[in-house]
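Good morning, everyone. Today I want to walk through one interface. Please look at the structure while I talk.

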Amino acid sequence: MADKSLEMVECGHRACGGCGPALAARLILKGAGERTIICAATGCMEVFSTPYPQTAWKVPWVHSLFQNSAAVASGIEASLKRQGRDEHVICICGDGATFDIGVLCISGAFERGHNITYICYDNEAYMNTGIQRSGATPFDASTTTSPAGKNSLGNSRPKKDMPQILAAHGAPYVATCSIAYPNDIIKKVERAVNIDGPCYIQIHTPCCTGWGFDGSKTIELGKLAIETGLWVNFEIVNGKLEKVKKVKRKPVEDYLKVQKRFAHLFKPSLNTTEIAKIQAIADANAEKYGIDLKI
Amino acid sequence: MKAILEGSHAIAEAVRLAKPEVISAYPITPQTHIVERLAEMVANGELESEYICVESEFSALSAALGASCAGSRVYSATSSQGLLFMAEVCFNVAGMRQPIVMSIANRAVSAPLSIWNDQQDSIALRDAGWIQLYAEDVQESFDLHLLAYRACEDHRVLLPAFVCFDGFIISHTYEPVDIPEEKEVQAYLPPYNPLNKLDADDPLSMGMYATPDYYMEFRYEMDRAMDRSLAVLKEAGKEFKKIFGRDYSELIESYKLEDAEVAIVALGSICGTIKDAVDEMRAEGKKVGLLKIRALRPFPAEDIKKALSGIKKVGIFEKNISIGSRMKGAVGYEVKDAINDSSVQVLSYVAGLGGRDIRIRDIKKITEEIEKGKGDCFYGIREELI
């Protein structure tokens, strides 16, 4: 069992107050334990936690580039195997590194079947460079490269389905979770690191700076995403959907209206057409994963 | 043991004897025979390594980096497009001070696509912070791999190295090679002893970012390590001679330069042909010699100056082009700077790009151009195609 009292990410790092990814980092290591090597991608977490000569990490940690964490982890795993060592190897990378620039390396590592756990902290845009859209950015979200304007309603494409892409690689374990449910993260990480083979976990990590909400509301935002069906917590084990978090669904407006990135859907006037499209995404999620609680 | 081996298979033998714990590579012509042979060795139990069949060169070097950070001796190999695809990782590996040894079967770069030899690929990565060694023949290609591991892993250096050899000309040519005994290699190259590694029992952070207050010192330290590698490579070369009999105590090789009036400077396999051309020209009464550069990085400037002292006409054969530069080739500038004497004529000749053969008669013609003082140009352009 994971020792939940362990604090392997030290306080005093430079994350924003209310940072979702910072919370995720702490919880991941509570699940993974001390005998873990972290392989990080360039991004917010790397930058806020390791300005030379300081580090927030009490476990061995390595950062190489933006897009190669899965490949670096492959090499670490191969080396440990040859040396007969027992550490867990975990990648912690943002959504830009995972959904976009790192896909080649991730696909290769999963196809080769390395014993690694790849964790994406998904804050749904390139936050480190100033809130540009990524393949993880949700439909209609306004970012600095998908700004809402006279001829734009924000990001014109739906979020890429990375968990299913990795499940299709034959990964033995694919899971999603949210910082709104800390024990669920710890449990899923602990499960993943103890499964032989490449596992994928995608954690919803609301970003107060990028999404435009008060830093005291991070957990609340995470909960709303789940409760509206715009984020689904599930586990796919050996290709089969095993467990899904069920909810009594709320309308998507409840989640959208509290974030600046969706403000253009409410002002100057309520855009019911667009909100209906987003509601349809939530409905499709509910249908696909069966999240609706039967009352 | 003497054996007649294809260059690639000889290099695979050198790698087997160096016992890397992790091999990570992606196929590209003309490097493929090396990694195929290594895969065979692993499959047959002749080599106990983790062999990672990556999906790209980018991952090949990234995985090698990860394994190196975890404390293993690692190996990779590539060519041309593969090396360019790795470029970002190359800079990163050197900055992270991981002593990875990588074979470069030198090949031209696209466009136009060419699988044939020149040295544009490794020379394009000149400033990446890797030691760059160039071999003349199969034996030297074999030897430099062992020498590179020894020098790179020396704690005074801790930099990666390219061992470069001309694609096809060396990689696909059979030559007699002396393959040493395993225990001789063990005496020369002890197991890798990393200065730092990823280890849960002694955690540390690697690859952190540096603000303007710290960045420059990291680069300065890399440069100092490269400067130190001059002496370390020579030491490794001397030790090599003691154990294996072949002399690599210098990073250059002089051939009939003592009384020479004209010196040809070159890297790689062309040096063999130049030696034959020098012999013929000497027989014709021309005082010509060759200076072979074995290490482009670190650049042995002092040694080059000494070897060329008193020679008034120097021509550099360049299997690369620095597009838009005055001298045309990239190596010429450094030779000129090493000589640092305005009374010496130093000219570059871009030749043999994309695998175009350089024959003895071409070398003689270029020598005539050097004598006439005409250079800093391409040699052998087919005017009818222009």
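**The contact between chains A and B**

Let me start with one pair: Asp201(B) and Arg35(A) join their side chains in a salt bridge, at 2.9 Å from N to O. Keep in mind that this is a predicted model. How many salt bridges does the rule find across the interface of chain B and chain A? It finds 4. Polar contacts come next. Here the rule gives 18 residue pairs between chain B and chain A, with both residues at pLDDT 80 or more.

Which elements of chain B supply residues to this side? Strand S3 (50-53), helix H3 (57-69), helix H5 (87-95) and strand S9 (205-206) of chain B each bring at least two. H3(B) gives the most, with 8 residues. By type, the side of chain B that touches chain A splits into 23 nonpolar, 10 polar and 8 charged residues.

Now the overall extent. Chain B puts 41 residues into the contact, and chain A puts in 40. The area buried between the two chains is about 3,200 Å². Carbon and sulfur atoms give 61% of that area. On the chain B side, Glu50(B), Met208(B) and Tyr209(B) lose the most area to chain A. Together they account for 20% of what that side buries.

Last, the strands. S9(B) pairs with strand S2 (residues 61-63) of chain A. The sense is parallel, over 2 bridges. Which residue stands opposite Ser205(B) in S9(B)? That is Trp61(A).

I'll stop there. Over to you.

Note on methods. Residues numbered from 1 in each chain as written. Chains lettered and ligands numbered in written order. Predicted model: local features only at pLDDT ≥ 70, side-chain atom pairs only at ≥ 80, totals over all residues. Heavy atoms only, no water. Contact = heavy atoms within 4.5 Å. Buried area = accessible area lost by both parts, 1.4 Å probe. Polar contact = N/O pair within 3.5 Å; in protein donor to acceptor, adjacent residues only side chain to side chain. Helix = DSSP H or I, 4+ residues; strand = E, 2+ residues; numbered from the N terminus. Nonpolar A, V, L, I, M, F, W, Y, C, P; charged D, E, K, R; others polar. Pairing = 2+ DSSP bridges.
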